[in-house]
Amino acid sequence: MFSLAYYPAVPVLPTPAAPPRPDPETLAVSAQLRALIDAEITTAGGWIGFDRYMHLALYEPGLGYYSAGSRKIGGGGDFVTAPELSPLFGRTLARQVADLIREDVTDIVELGAGRGTLAATLLTDLETLGRLPVRYRILEVSADLRQRQQQLILERAPQLAARVEWLDELPASFSAVVIGNEVLDAMPVHRLRRADGRWLELGVTLSDGQLAWATRPATAALTAAMPADLPDDYETELNLAAPALLGELGRRLIRGAALFFDYGFPAHEYFHPQRDRGTLMCHYRHTAHGDPFLWPGLQDITAHVDFSALAATSHGLDLLGYANQAQFLINCGITDLLSEVPAADAARYAPLASAVQKLLSPAEMGELFKVIAFGRGIASPLRGFIRGDKSHSL
Ligand SMILES: C[S@@+](CC[C@H](N)C(=O)[O-])C[C@H]1O[C@@H](n2cnc3c(N)ncnc32)[C@H](O)[C@@H]1O
């Protein structure tokens with residue numbers, strides 16, 4: 001996810017900026033979702049966990065951020081992702097995916113496909129490479145985004161649309177190349193605070209009619225998942241949904257690989273003593289800020305990924321590699337693809353070069369964004385991790 005926000009190497013949230021105010025019609029949709037959230041808080045006795053709030057704010061059918069009809073991703077939306085920034089991201093990834101497609105791994109499964117841009121790019125490029133998957137299967141929780149994906153694939157790759165199908169859940173057992181770009185950061189997280197040597201769970205309550213934070217002692221299960229050596233007043237997030245998804249993959253994947261792209265860190269950086277306000281971040285119209293209670297349903301809410309937690313719960317899958325995005329894309333040949341366009345052709349070259357700079361620069365997406373891959377039955381090293389594999393750091 002890329003916006004005017006910057007991503008500091010150690011702390012915290014970007015300086016809060018005032019996001020532009022939505023129009024009254026849009027605010028009315030948010031008010032409907034607020035009424036539903038308020039009712040749930042009241043029914044629950046005055047408090048819900050932040051994970052539940054985030055789930056409602058992002059995924060409540062028809063009203064949540066990803067489920068309602070507004071444009072979210074891309075120039076006219078709230079943030080830009082790597083596949084939206086440039087087709088070179090998907091075309092570079094296609095080289096890695098082409099290596100992994102073989103006789104007994106013929107499908108791709110994409111998790112959380114957003115507008116469908118990566119699917120369209122991968123399909124068209126894999127066709128050019130002569131490595132088309134038999135099926136391109138998309139697991140998408142948002143009905144609205146499913147529709148947008150269908151439309152975009154029909155526009156950009158009509159000859160391949162028949163290969164694309166949508167899943168309601170992961171198949172019980174399957175072989176595939178699984179891809180997820182910025183899916184894990186969009187999963188609901190618990191929020192915790194350390195106080196008097198114990199973990200408290202930060203949840204959501206109503207105070208004078210407004211949404212507000214309130215704490216409860218963390219359950220034994222949450223406490224067990226947290227580091228014990230952090231100082232009082234430390235606040236952070238815990239994503240249990242991402243390792244659970246990986247666990248499901250571990251149980252169901254017969255053969256193949258799963259590649260996840262996202263922003264985040266290994267545990268020792270994620271729980272860095274200086275990162276004491278966590279990584280929760282909200283995006284509205286390319287403005288990043290730290291207030292998840294602002295206009296529920298209208299803004300994105302996200303937290304960085306703890307990649308060590310993923311590696312620790314891979315349920316029998318092999319860890320195939322872990323690298324920063326720049327290293328992965330360079331290993332897969334992004335600069336070769338860029339050099340296919342003559343620099344003298346400024347109209348074509350300049351936007352591609354500028355996007356590559358954003359994807360690779362350590363000050364932009366190159367260092368904060370990581371790629372982690374798991375697999376089963378994959379004997380050869382992945383080209384994306386040939387140099388700069390940092391699996392040892394997890
Ligand atoms: C930040 S967007 C990224 C979209 C797209 N991959 C891209 O890079 O532009 C997160 C996507 O994940 C989807 N999503 C969130 N949780 C999911 C889950 N458990 N299973 C499948 N999709 C999910 C959202 O609906 C949305 O499409």
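The model is a predicted one, in which local features need pLDDT of at least 70, side-chain atom pairs count only at pLDDT 80 or more, and totals for chains, interfaces and linings use all residues. Numbering starts from 1 along each chain, following the sequence as written.

## Nonpolar core

A nonpolar core is understood here as a set of buried Ala, Val, Leu, Ile, Met, Phe, Trp, Tyr and Cys residues joined through C-beta atoms within 7 Å. A residue is buried if 20 or more other C-beta atoms lie within 10 Å of its own, exposed if 12 or fewer, and partly exposed in between, with C-beta atoms placed from the backbone. The largest such core has 112 residues, and those with the most contacts inside it are Val97, Ala119, Leu122, Val177, Ala257, Ala258 and Ala373. Strand E10 (residues 253-265) supplies the largest share of this core, 8 residues. Helices (H or I, at least four residues) and strands (E, at least two) are DSSP runs, numbered from the N terminus.

Two residues are in contact if their C-beta atoms, placed from the backbone, lie within 7 Å. By this criterion, and leaving aside neighbours within four places in sequence, alanine 258 is in contact with Val178, Leu249, Leu253, Ala373, Phe374 and Gly375.

Alanine 119 lies in helix H5. It counts as buried because it has 26 C-beta neighbours inside 10 Å. Not counting residues up to four places away in sequence, alanine 119 touches Glu110, Ala113, Tyr136, Ile138, Gln149, Ile153 and Val164.

Axes are lines fitted to C-alpha atoms, for helices over the stretch in contact, and angles run from 0 to 180 degrees between N-to-C directions. Angles under 35 degrees count as roughly parallel, over 145 as roughly antiparallel, 65 to 115 as roughly perpendicular and the rest as oblique.

Helix H5 (residues 117-128) packs against helix H6 (residues 143-156) at an angle of about 30°, and their axes are 9 Å apart. H5 and H6 are therefore roughly parallel to each other. The crossing of H5 past H6 is right-handed; a crossing is left-handed if the near helix is turned anticlockwise from the far one by less than a right angle, and right-handed if clockwise. On the H5 side, Thr117, Ala119, Ala120 and Thr124 meet Gln149, Leu152, Ile153 and Arg156 of H6. The residues of this contact divide into 4 nonpolar, 3 polar and 1 charged. In this division, Ala, Val, Leu, Ile, Met, Phe, Trp, Tyr, Cys and Pro count as nonpolar, Asp, Glu, Lys and Arg as charged, and the others, Gly among them, as polar.

Helix H4 (residues 87-100) also packs against H5, at an angle of about 55° and with the axes 8 Å apart. H4 and H5 are therefore oblique to each other. H4 passes H5 in a right-handed crossing. Pro87, Gly90, Arg91, Leu93, Ala94, Val97 and Ala98 in H4 meet Leu118, Thr121, Leu122, Asp125 and Leu126 in H5. The contact of H4 with H5 comprises 8 nonpolar, 2 polar and 2 charged residues.

## Individual residues

Leucine 145 belongs to helix H6 and counts as buried, with 21 C-beta neighbours inside 10 Å. Beyond its neighbours within four places in sequence, leucine 145 is in contact with Tyr66, Gly114 and Glu140.

Two residues in loops have a positive phi without being glycine. Glutamate 182 has a phi near 55° and sits in the loop between strand E5 (174-181) and strand E6 (190-195). Glutamate 182 is buried, with 22 other C-beta atoms within 10 Å. For tryptophan 295, phi is about 45°, and the residue is placed in the loop between strand E12 (287-289) and strand E13 (300-302). Tryptophan 295 is buried, with 21 other C-beta atoms within 10 Å.

Serine 207 is in strand E7 (residues 198-207) and counts as exposed, with 10 C-beta neighbours inside 10 Å. Arginine 251, in helix H8 (residues 241-252), counts as partly exposed, with 13 C-beta neighbours inside 10 Å.

The table lists C-alpha separations for selected pairs.

| Residue pair | Separation in sequence | C-alpha to C-alpha distance |
|---|---|---|
| Leucine 145 and glycine 112 | 33 residues | 8.9 Å |
| Serine 207 and glycine 46 | 161 residues | 9.6 Å |
| Arginine 251 and phenylalanine 174 | 77 residues | 10.0 Å |
| Alanine 119 and threonine 279 | 160 residues | 29 Å |
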